[in-house]
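Subject: Structure handover

Hello,

Here is the structure I promised to pass on. My notes on it follow below.

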Amino acid sequence: MHVGAPPPQQQQQLPRHPPPGGAPQFRTFGSSQPPPQGTGGPPRPTGGTFIPVGVPPPPVGVSHPPAVLGPCNPSQLSAPAGQQFRQYNQSPLLGGPPPPGGQFHSASQQPANQFRAAGNPVMSGGSQGMKSYSEQQPVPDIDFSIQVPERFLRFTTKKFPSNAGLSGACRLPFGGVIRPLAPSIDEGDGVSVVNPSSSGIVRCKSCRTYINPFVNWIENGRRWRCNICGVLNDVPSAYFCHLDEQGRRRDADTRPEISEAVVEYIAPAEYMVRPPQPPAYFFVIDVSLQAVQSGVLARVAEGIKSGLVDLTGDDRTMVGFITYDNSVHYYVLRGGSSGPQMLVVSDLANLFVPAPEDLFVNLADSRDVVHNFLDSLPDMFSKNQVRDSCLGPALKAAFTVSKQVGGKMCVFQSAMPNLGDGTLQFRENPRIMGTQEEYQILRPGNMWYKDTALEFSKAQICVDMFLFPFHYIDAASLGELPRRTAGQLYSYPSFDATTDGPKFVSELRRTLTRETAFEAVMRVRCTKGFKINHFYGNFHIRGTDLLALPNCTSDSVFGFEIQHDEHNVNNSVLTVQSALLYTSSEGQRRIRVHTQALAVSNSQQEIMETADAETITCLVSKRALEISLSNSIDTARTKIQQTCIDILRSAKGGGGYGGAGYPSQQQQEEKEIPASLKLLPLYTLALIKNVAFRGGNDVHPDERVQARMRMACMYVPDCRYFVYPRMLSIHDMDGSAGRPAAEGVEVKPSTVAGKLKVVLPKAVNLSGERLLASCVFLVDSGVDMFLWVGSAAGEEVFNSLFGVNSIEGCSSAEV
Ligand SMILES: [Zn+2]
């Protein structure tokens, strides 16, 4: 039995990493740097030049993951503290103290039978890649088979360039998209929960990185080197464990935090600034004439009631309601009272707020009164003739009531606010639509909502806003509230209670019942030499790099870009770690940590081959949304197109980097684009035609804002469908469609839906040529679905689908 560690080395020989600087990793937080413009000749003709006919859509994750509660699996707790001591005592090395000095595992020290290097393309890839490693640092003993599942985190490439020059030559947007609380897809893929022992949560003393599977253990386990900043840390004695022959801790398999890429800690008291807040939901409801007449109010009451029944969280859950038209209405919902009491305040300038404890109540204690209130709400205002809407004062009132607790605020607005604070002006101007000036009405016209949002964020209040515009409502100004409080904007133009009602009720229900993390903050760290230079999504940045998220849900998504901080990177591995600190619906303070190691490469070709066209499209779209606000939509479209052209040119070996062996023009033309990028031109063309970027003057500004808000928060597969919808062939479905996939049969994720893996009809290329009169297609953008029915589809098809013999007898309302 081999028990010895490698020969002790002198301490001074150790630091092959740069000396510990102790400086924070995120000194700067600049605006995103658009990629340099290409200067070469004209691009190849756009269109489907690079898209081979019949290329199936690439595999993607489930587009609409169902709301799932609690992906965490408490049964996978870490070994109790006692076991650690037992292991320590039983260690064969107990005879003497661990030898001083350390060991630094390089690839050459790995045993031949290591799964981690052998057969792993990241480690055993092209010879050029291996050469580059030897020129840099020795490859640390990194187990690249430990991966963050794709539902949480995707990068634009699987390898990152080793220097800024190469990064520029690749022309790729480097970065990733993260969905920290993505629901689990299958049974058993939950996240391991770690309950830290007396040693607390082990973190780097310099940069506060959480211990993870990619750190280097040295001095036989007495110290570890941080893979983010390079600093050497002592292992707390209660956390100590000896290393095995491969330099891996002997207890690694029982400790998820050093063997899995995603873990969740139960946070000790030092991670709380106050006792964990209860789950809290406040509803702010417009009851003006428009909301009542259109049926919005009735549907709102129905949706809230349905959601409250299945709210996540325990019996500490709190709810409150405010309604408003030209005055603000409070509701006392104390449990045990005969019914809800209403208090009307019409002085909007000096808003009186009655005792908050009666207005924000425990749901379990007051459930009957709350249900009574929701049942009677539509009737209470059925005769309301007031057209005015004082959203601003109502928000201030709701803030006063809920600011001590925080939580989720759902706002339902049908008319443009025209009374008190937050009054908005009619800014719609058809003459500037489709021109360079259009971006002006996509920016907020009133800073009140932005300023209010920052107040809300400080008080841990997140706003989800539901708009029901019948005319221009200025979603651009209103949208600042959800944008900066980590909420979402939903819009239902010209709401029809019959056709739009079910969609709205379902989305509201999902908002209330999906996993929701309260009073959250998130930070993303990366290895020294790189930096995170921009974030995308809905949040407010506190300090330089802390995302303040009053709520983070299973649908929350954030993009980030990674840039070189130093010209040359002194590491052969880039590690990215995100940490989300939050309060769960059950009132537990938790930290969700995702850590991903990526190889650093010197080879442009190698990097381009690992590119991910879907993630690139997702990140490019988020970047272009910001360009369209700061510059113009036209500029954003040009950037999207130019990025694609530059990437393809780079993939063909152009771009001016590479020195000797730089391919000639002819060689470039003949060279194939890597398979990973073949669909990029298609996605690019689709993206510039999306309602968020489309030219022309036929897009209503509120519609544009809604599409922008959705796209800013979309995860990779959803964005892919939103940009390039899938078209399912309905007229020729076989018997398996619509049924759960047969057990034991391997299925591609894109061909099934939901937890039951229901087989979808066959997907076909989204092309006008396919729309033959004899066919029926379902087009799914992830947000809307369209049923396309050919006029000459057979009688049998009509009968089986709609129960009628021809399209004449078919009512669209019934479909
Ligand atoms: Zn560190």
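Along the chain, the donors of the zinc ion have the spacing C-x2-C-x18-C-x2-C. C204 sits in the loop between β5 (191-194) and β6 (216-218), and C226 in the loop between β7 (223-225) and β8 (232-234), so this pair ties together parts 22 residues apart in sequence. (Helices, H or I of at least four residues, and strands, E of at least two, are DSSP runs numbered from the N terminus.)

Before the rest, the ground rules. This is a predicted model, where local features need pLDDT of at least 70 and side-chain atom pairs count only at pLDDT 80 or more, while totals for chains, interfaces and linings use all residues. Residues are numbered from 1 along each chain as its sequence is written, and side-chain values use heavy atoms, with hydrogens and water left out.

Back to the zinc ion. The SG atoms of C204, C207, C226 and C229 coordinate it at 2.2 to 2.3 Å. Donors are N, O and S atoms within 2.8 Å of the metal (3.2 Å for Na, K and Ca); water is not among the atoms, so sites may look incomplete. The 4 donor atoms subtend angles of 104 to 115°, so the arrangement is tetrahedral (for four donors, all angles between 85 and 135 degrees). C204 is buried at 0% relative accessibility. C226 is buried too, at 1%. Buried means under 20% relative accessible area, with a 1.4 Å probe and protein chains only.

The UniProt record, an unreviewed entry, places "domain: Zinc finger Sec23/Sec24-type" at residues 201-239. Such annotations may be inferred rather than shown by experiment. The end C-alpha atoms of that span lie 10 Å apart, and the span is 0% helix and 23% strand.

Next, S389. This residue is in the loop between α8 (363-380) and α9 (391-402). S389 counts as buried because its relative accessibility is 0%. Its contacts (heavy atoms within 4.5 Å), leaving aside neighbours within four places in sequence, include D286, Y324, D325 and Q413.

Helix α19 (residues 680-689) has 9 of its 10 residues buried. Among them are L680, Y683 and L687. The cover over the buried residues of α19 includes α16 (613-630), α17 (633-651), α20 (701-712) and α21 (716-723).

Strand β19 (residues 530-536) has 7 of its 7 residues buried. β19 pairs with β22 (residues 558-564) in the antiparallel sense over 6 bridges; pairing needs at least two DSSP bridges. Y536 has G559 of β22 as its bridge partner.

Best wishes

Note on methods:
Buried means under 20% relative accessible area, exposed over 50%, partly exposed in between (1.4 Å probe, protein chains only). Four donors count as tetrahedral if all angles lie between 85 and 135 degrees; four count as square planar and six as octahedral if opposite donors are over 155 degrees apart and all others between 65 and 115; anything else is irregular.
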